[in-house]
Amino acid sequence: MNRLLVVQSSLNEDESQSSQLTRYFSELWQHSFPGGSVLIRDVVKRPVSHLSAERLKAITMSEKQTLKKRCSIVEEADIFLQEVVDADMIVIGAPMYNYSIASQLKSWFDHLARAGVSFKYTGKGPVGLLSSKPVIVISTKGGHFQGKGIDHQSPFIKQFFEFIGIHETYFVHVEGLDLGKEVQKESIKEAKTKIAQIIRELENH
């Protein structure tokens with residue numbers, strides 16, 4: 001475990017529980033893997049452009065169709081994808097907004113999905129082209145959503161990573177954060193316990 005990619009997506013930035021818990025994860029990871037490096041990609045502080053017709057066309061055109069404007073768009077998408085490729089592990093802070101993820105995080109995902117680059121179409125359906133690696137998603141929510149069929153965040157994230165070839169996505173669900181201080185305190189405590197457990201399992205892997 002030499003490289004950890006941390007993706008932050010909270011609109012509340014550093015004050016959010018998801019940001020604080022991803023920092024907690026990073027600190028434990030660095031303690032366990034002292035020679036490793038951590039790269040932080042904050043899609044709110046440095047927003048990823050939402051897809052437009054122009055951007056979609058640019059990242060789906062072939063190299064033979066390269067245009068000057070296309071180059072700057074593709075260079076940005078290439079950076080995001082290379083960060084994922086280079087990482088040995090990814091941790092994502094994903095607050096729930098209206099049953100799903102922040103639009104900024106969705107834009108980051110949109111720039112990773114590139115036919116012939118991160119996946120390919122076959123007669124049996126799409127096949128991911130990236131090497132698998134652990135992805136830990138710290139999913140923070142104001143209420144309780146698990147088991148109720150109204151969490152559209154977790155299924156999307158898991159399915160997307162499988163689409164590009166990554167089949168090791170795990171979730172730390174941190175729920176009830178808006179249901180009073182005691183509930184919040186207990187939920188964060190449980191999340192930190194689970195994070196520490198994940199780090200121990202990585203050490204022994």
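This is a predicted model: local features need pLDDT of at least 70, side-chain atom pairs count only at pLDDT 80 or more; totals for chains, interfaces and linings use all residues.
Student: How many salt bridges does the model contain?
Tutor: The criterion is a side-chain nitrogen of Lys or Arg within 4 Å of a carboxyl oxygen of Asp or Glu. Among the pairs that meet this criterion are R114 with D78 and K106 with D110. By this rule, the count is seven.

Student: Which parts of the chain does the salt bridge between R114 and D78 tie together, and how many residues apart are they in sequence?
Tutor: The side chains of R114 and D78 meet at 2.7 Å, N to O. R114 belongs to the loop between α4 (103-112) and β4 (119-122), whereas D78 belongs to helix α3 (residues 68-86), so the pair links parts whose separation in sequence is 36 residues.

Student: Which helix holds both K106 and D110?
Tutor: K106 and D110 form a salt bridge with their closest N and O atoms 2.8 Å apart. K106 is partly exposed at 35% relative accessibility, while D110 is buried at 18%. The two residues are four apart, about one turn of the helix, and both lie in α4.

Student: What is the N to O distance in the salt bridge between K141 and E175?
Tutor: Both K141 and E175 are buried. The cut-off for a salt bridge is within 4 Å. The side chains of K141 and E175 meet with an N to O distance of 3.9 Å.

How values were computed
Residues are numbered from 1 along each chain as its sequence is written. Side-chain values use heavy atoms; hydrogens and water are left out. Buried means under 20% relative accessible area, exposed over 50%, partly exposed in between (1.4 Å probe, protein chains only).
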